[in-house]
Amino acid sequence: MSLLQVTDLKVNFGGIEALKGISFQVEQGQVVTLIGANGAGKSTTLRAISSLVNVSGGSIFYEGRDITRLDPQKVVEQGIAMVPEGRRVFSNLTVMENLRIGAYLRKDKEAIEKDIQHVYDLFPRLRERSWQLAGTLSGGEQQMLAVGRGLMSRPKILMMDEPSLGLAPMVVQDIFKIIHTLNKEGMTVLLIEQNANAALRAADYGYVLETGHITMSGTGKELLENEKVREAYLGKTAKD
């Protein structure tokens, strides 16, 4: 049984089909990526799984349970967390306060404190800036905070929406090292990323999403070597 199973998923916005019946699965312990151009439906897919947009057809099963129309809070309680595109940290709150908000559904105070320290171990720069307002952090630091905040709900699967967006190349490398570290610790990751080269190198399995359809799938290595994928999404970087 897959950890996450999406079957024939459809989402409409004002009569326009954003997702036209996509199906994919995520196995426990994998990094799975969805790649595609802007407007392909990648972010809509994550928002549908999180119940932040209405699903017009199809189903979403998590650990064998139907979560297609669960309340968003219940989705988080099931063990699914999303790191949104653009970070969306609470600018007027400190780093520590942002992390505590990530644990707002939890009551286990001692474990919350331990998890904060674990986030600080993953991101030492956040420990140094624990009492700094999140809005004064660099873009890369805000992305680290957004990931840390997502981890504070103790998810079994972490969904990441464009984690490298707007970041300098060196910072992007750091973010993908973090994804690798989290996965080594046992975290399952569903990654949405326009940097297809980096995403496929990090992924166990990938899907190509085009205008609401999944048009290709395969291991990260297979898609990296696929000529159509190289021409459409990788360009010269495929040979780097």
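Modeller: Contact here means heavy atoms within 4.5 Å. This is a predicted model, where local features need pLDDT of at least 70, side-chain atom pairs count only at pLDDT 80 or more, and totals for chains, interfaces and linings use all residues. Residues are numbered from 1 along each chain as its sequence is written, and side-chain values use heavy atoms, with hydrogens and water left out.

Biologist: Which residues is Ser 51 in contact with, leaving aside its neighbours within four places in sequence?

Modeller: Ile 67, Thr 68, Arg 69, Leu 70, Asp 71, Pro 72 and Val 75.

Biologist: Why does Ser 51 count as buried?

Modeller: Buried means under 20% relative accessible area, exposed over 50%, and partly exposed in between (1.4 Å probe, protein chains only). Ser 51 has 15% relative accessibility, so Ser 51 counts as buried.

Biologist: What does the side chain of Ser 51 reach?

Modeller: The backbone oxygen of Leu 70, at 2.7 Å.

Biologist: Now the rings: why is the pair of Phe 24 and Tyr 207 tilted?

Modeller: The count comes to 2 aromatic pairs, by a rule for rings of Phe, Tyr and Trp (its six-membered ring): centres lie within 6.5 Å, with planes under 30 degrees apart stacked, over 60 edge-to-face and the rest tilted. Phe 24 and Tyr 207 have ring centres 5.6 Å apart and planes at 55°, so this pair is tilted.

Biologist: Which residues do ring pairs link into a cluster?

Modeller: Phe 24, Tyr 205 and Tyr 207. Phe 24 and Tyr 207 are both buried.

Note on methods. Polar contact = N/O pair within 3.5 Å; in protein donor to acceptor, adjacent residues only side chain to side chain.
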